[in-house]
Amino acid sequence: MAPVPDSRPIVISGPSGVGKGTLYGRLFQNHPDTFTLSVSHTTRGPRPGETDGVHYHFVTKEAFETLKQADGFIENAKFGDNYYGTSKQTIEEQKAKGKVTVLDIEVEGVKQIQAQNYPARYVFIAPPSEEALEQRLRGRGTESEESIQKRLKQAKVELEYAKVPGIHEKIIVNDDLDKAYQELEEFVFAQPKA
Ligand SMILES: Nc1ncnc2c1ncn2[C@@H]1O[C@H](COP(=O)(O)OP(=O)(O)OP(=O)(O)O)[C@@H](O)[C@H]1O
């Protein structure tokens, strides 16, 4: 496969359970030397089996704050008591290796990256319907009822944001998985518009 003609990171967003992980997982499987998932910084401690630099860059609150003050993150957020962020350096390091970083983030992160005018390409993955999304979330079997309800509520926010014109370069409806994947692949390998 030819190298990707556009080295900007690919920001993938969309409601939980829509199939983001499934789609970019295929992209990594089919093009392991071209794409890589962004490794975030976090202040939470590693869980068993998690490796520093692979699953996360585990840092102290002080180190996180210092990097934030130095404008080192393209987006960052607090979940519970912990901070998470994507550092510019992480993306630059991958770019130096010839790899394109894929970011899987929420609406708030998308807004932060756009507010900074950081060069990136935005893809939104939409469900064929809200009912289909609920079915997938339930079918995945990973969430409690409370978590499903929370994700469905957040999904409405994400779907509303996707309607704002000029935010996403590409909106892919993940109905037929093969077709959705094909659309994603075509988009990532397309020549940048002049
Ligand atoms: N086109 C599709 N048709 C039917 N089921 C699908 C399709 N795409 C993905 N799925 C299924 O939907 C479920 C959710 O997919 P996945 O875990 O990739 O979602 P996600 O958007 O990455 O969610 P999260 O943001 O919570 O990580 C999985 O069980 C997956 O196999």
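Colleague: What order do the strands of the open sheet have?
Modeller: The five strands run β2-β7-β1-β8-β9, with parallel pairing. Strands here are DSSP runs (E, at least two residues) and helices too (H or I, at least four), numbered from the N terminus. Two strands pair if DSSP finds at least two bridges between them. This is a predicted model: local features need pLDDT of at least 70, side-chain atom pairs count only at pLDDT 80 or more, and totals for chains, interfaces and linings use all residues. Residues are numbered from 1 along each chain as its sequence is written, and side-chain values use heavy atoms, leaving out hydrogens and water.

Colleague: Which strands stand at the edges?
Modeller: β2 (35-37) and β9 (170-173) do; each has a single partner strand, so one side of each has no neighbour in the sheet.

Colleague: And how many bridges join β1 and β7?
Modeller: Three, in the parallel sense. Ile12 has Asp104 in β7 as its bridge partner.

Colleague: Switching to helix α4, which residues are buried?
Modeller: In α4 (residues 107-115), Val107, Gly109, Val110 and Ile113 are buried, meaning under 20% relative accessible area with a 1.4 Å probe, protein chains only.

Colleague: Why do they line one face of the helix?
Modeller: Seen down the axis of α4, they fall within an arc of 160 degrees, so they line one face. That arc is taken from the directions from the helix axis to the C-beta atoms.

Colleague: What do the buried residues pack against?
Modeller: Among others, β1 (10-13), β5 (73-79) and α6 (145-162). Contact means heavy atoms within 4.5 Å.

Notes: Buried < 20%, exposed > 50% of the residue type's maximum accessible area, 1.4 Å probe, protein only.
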